[in-house]
Amino acid sequence: MCALELKAYEGQYQGETAIWLKAGNYEAALLPEIGGNLIAFRDIERGLKLLHEPTAEEMESFKARPMVHGIPVLFPPNRYEDGKFPWNGKVHQFPVNESATGNHLHGFLYNIPWQVEDYGTTGTESYVSVTMSVDERHESYQYFPYKYKIRLRYSLGEQGLSQQVLVLNTGEEAMPCLLAFHTSVNAPFAEGSAAKDYRLKLTIGDRWELNERMLPTGKFQPLTEQEQLMKGEGVYPFFESMDNHYTAAAQNGRSRMELTDQSRGLTLVYDAGTSYKQWMIWNNGAREGFFCPEPQINLVNAPNTGLAADEIGLFGLEPGEIWEESSRLYVRS
């Protein structure tokens, strides 16, 4: 049995500093200077580009809006009505950065530099660890005045790509812990395949009703026939325009997305941890090429909804307390 070839090194990705990981036929790249974004995950031997990567011509627009490529970190995620974030008797005011809805969108960490903590190889994997430490000196502290550290560790091995995320409260008061990943996957992901050959399965539960500002009303909507297929045997990912919000409902103990290329008999599995109690899914106006299945801890606009905190993933970390979760992406044939 041949040993798995493993590498981890600093290099370039479209002119930007990147940490590259290699493990056998797999390779991945992370951009520490642009949000700690895991921008590429590929199977070289089978010609698979699994994440939506920016082309050389798209790099400037990507840096201006690094939301629809790779795996951006959203902290706190998604939309907050009028930029208001009430917590423990205080109301924090976030900048309103989505003029169409008058909301704050996607938090503070997806487009700024992260610190490379470590990278290297073990006997079974290549890995990179990046961190974000926030205190009163950080620009975002004026809006989200909590001290914390987030560590992201990606490892690449025979079983694909593993993601571990850890949030540590380094301050002296309880802080909200709301996080998501705006994961962007290709459809098609295989050279020579067509999007019409693809079927999407997602472990959704109920669909939240959203108002004209894309905020939950607190009510659920009945699932359509196509959405029932999405949670069952699978559906064409671009059957209609989606910017939809769902509860997560684990199947066989797992909360995950499966994207199958029927022509190649290959399935990309995105196995998100069960701590993510909500899904967002956005498919770029039903334009073929890529879509975003986004695992979230919390309901959109959670602190403004008045709904029961345990039901909507609205929880805090006490000083010194840790929250962590793991996810995995791999290809099944």
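Two strands count as paired if DSSP finds at least two bridges between them, and strands themselves are DSSP runs of E with at least two residues, numbered from the N terminus. With that in hand, look at strand E23, where Val-269 is the bridge partner of Glu-258. This is a predicted model, so local features need pLDDT of at least 70 and side-chain atom pairs count only at pLDDT 80 or more, while totals for chains, interfaces and linings use all residues. Residues are numbered from 1 along each chain as its sequence is written, and side-chain values use heavy atoms, leaving out hydrogens and water.

**The sheet**
- Strands E22 (residues 255-261) and E23 (residues 266-272) run antiparallel and are joined by seven bridges.
- Both belong to an open sheet of eight strands, with antiparallel pairing and the order E11-E12-E13-E14-E27-E23-E22-E18.
- At the edges you'll find strand E11 (115-121) and strand E18 (198-202), each pairing on one side only.

**The largest pocket**
- A pocket here is an open set of points on a 1 Å grid over the protein atoms alone, where a 1.4 Å probe fits, with protein on both sides within 12 Å along at least five of seven lines.
- There are 17 lining residues (those with an atom within 4 Å of a point), and Arg-65, Met-67, Glu-98, Leu-105 and His-106 lie nearest the centre of the largest pocket.

**Gly-285**
- Gly-285 sits in the loop between strand E24 (278-282) and strand E25 (289-296).
- Its relative accessibility is 39%, so Gly-285 counts as partly exposed (between buried, under 20%, and exposed, over 50%, with a 1.4 Å probe and protein chains only).
- Phe-238 is 47 residues away along the chain, yet its C-alpha atom is 8.2 Å from that of Gly-285.

Conventions: Helix = DSSP H or I, 4+ residues; strand = E, 2+ residues; numbered from the N terminus.
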